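Thanks for coming. I will go through one model today, starting with the terms and then moving to the residues.

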Amino acid sequence: MKRNLSLLLMSLLFAGTTLAQEHNPGSVQPDTIQKSSENTFRKQRSSRTDHGPVGINISLWKNISTQRTDTVGSTCFNLGVFSSMNRLNGLGMNILGSVTGRNVNGMQMAGLSNMVGGSMRGMQIAGITNINGNNLIGVSVSGLVGITGNHAQGVIISGLANISGDYNRGASIGGLLNISGEGASGIHFAGLANISGRNFKGFSGAGLLSVVGEDLNGMQMSAFANITAGDMTGVQVSGLGNVVGGTAQGLQIGAANMAIRAQGLQIGLFNYYKEKLDGFQLGLVNANPQTKVQLMLFGGNATKLNVGTRFKNRLFYTILGGGTHYLDFGDKFSAALFYRAGLELPLYKQLFISGDLGYQHIETFKNKNYGIPARLYALQARVNLEYHLTDRFGLFLTGGYGGSRYYTQGKTYDKGIIVEGGATILKL
């Protein structure tokens, strides 16, 4: 068996050497011998393609191989430590890596890197990096970085980053980054960020950030922020913010949602559009350039001293604020934070009536040592009458009803009528 294997290896070495010598002027015999050997080779062993003769490359290093690098030859099988080839049409396997000057059609495997000057069609597997100077069509798997100079189409998986100079179409999975210089489409996952220089169509999921340079058609999802410079048609979901530089057509869900124009639904703590809204905003604060920000100072029997900020649109408004001494002044310090949302209508000239529903979180601090719950929540309803003395200043009276409840128990702590009064600064 060992003898047969030795003979097979010697035959491969001999065949590869013969193919390499055919195009190596420094190793040829006199003209008559060369012509005779060429004729014999054509008759007995040679197979030619449009790219020249096909050979076998058994390589220790760049020029320590059975098939030296030339300008016309192709390799059908490559096995070595580190190899350099003109073209590969078949299978290449190297302990360290390989460099192919032109195109690859087939499969490459290397412990460190595969580098292709032209296009790659097939499969690449490398421990560190796969680099293709032109296009990639197929599957590329690398431990750290996958780089394609122009278009990438297929499945690309890298432990660190995938970079495409132009378009990236297909599935792209990067441990940290997926970057496309032009557009991208398909399914992209990255631990840190997905970045597309122009349009993106498909699904983009990132651990931190997703950026589209022009238009998005599909879905963006990230833990921190989604940014689309042009129009968005689809869905954006983020932990912190969604930003659309054009028209957001579809759904935005995040702590903050912003768009020049919105067509659809914005859901978040803060929602903003600059020019036009054809849809609905659901959030603690809904704002646009016409939103009036007004300061409210008031007192009452719920929390004794209060300050709030009212974000008022044409009819609807929301209020964020806080108050002190939910308990009596004689008790130790207690405080509350509140949120209210409501509707205001004019009654007569500078007289307005409004109604709102509110939620209040209450902290009793050291009062918990005296048998009072450490924290409570309250649900409240109010009706307000407000009179604008000037364009900048107004007064209001409030009547309502509310009840505070335990967070941990399904029962009421306190309930009763709410009476409040105060002033509004209409223009800050």
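Contact here means heavy atoms within 4.5 Å. This is a predicted model, in which local features need pLDDT of at least 70, side-chain atom pairs count only at pLDDT 80 or more, and totals for chains, interfaces and linings use all residues. Residues are numbered from 1 along each chain as its sequence is written, and side-chain values use heavy atoms, with hydrogens and water left out.

Take I137 to begin with. Leaving aside neighbours within four places in sequence, I137 is in contact with M120, R121, G122 and Q153. R121 sits 16 residues away along the chain, and the C-alpha atoms of I137 and R121 are separated by 4.8 Å. I137 belongs to strand 10, residues 136–142; helices (H or I, at least four residues) and strands (E, at least two) are DSSP runs, numbered from the N terminus. At 40% relative accessibility, I137 counts as partly exposed, since that class lies between buried (under 20% relative accessible area) and exposed (over 50%), with a 1.4 Å probe and protein chains only.

Now the chain as a whole. The protein chain has two helices and 32 strands. Of its 428 residues, 41% count as buried. Among contacts with a separation of 6 or more, 20% are between residues 24 or more positions apart. The chain exposes about 21300 Å², and carbon and sulfur atoms supply 65% of that; the areas come from the Shrake-Rupley method with a 1.4 Å probe, and for residues only the protein chains shown count as cover.

Next, two buried residues. H188 lies in strand 16, residues 184–190. H188 counts as buried because its relative accessible area is 2%. Which backbone oxygen lies 3.4 Å from a polar atom of the side chain of H188? That of S185. Outside the four places on either side in sequence, the contacts of H188 include N168, N194, F200 and F203.

N271 is in strand 24. N271 is buried because its relative accessible area is 0%. The side chain of N271 makes a polar contact with the side chain of N257, at 2.9 Å. A polar contact is a pair of N or O atoms within 3.5 Å; within protein, one must be able to donate a hydrogen and the other to accept it, and residues adjacent in sequence count only if both atoms are side-chain atoms. Not counting residues up to four places away, N271 touches several others, among them Q281, N286 and A287.

On to phi. Most residues other than glycine have a negative phi. H325 has a positive value near 60° and is not glycine. H325 lies in the loop between strand 27 and strand 28, and is buried because its relative accessible area is 15%. K349 also has a positive phi, about 50°, although it is not a glycine. K349 lies in the loop between strand 28 and strand 29 (351–363). Is K349 buried or exposed? K349 is exposed, because its relative accessible area is 65%.
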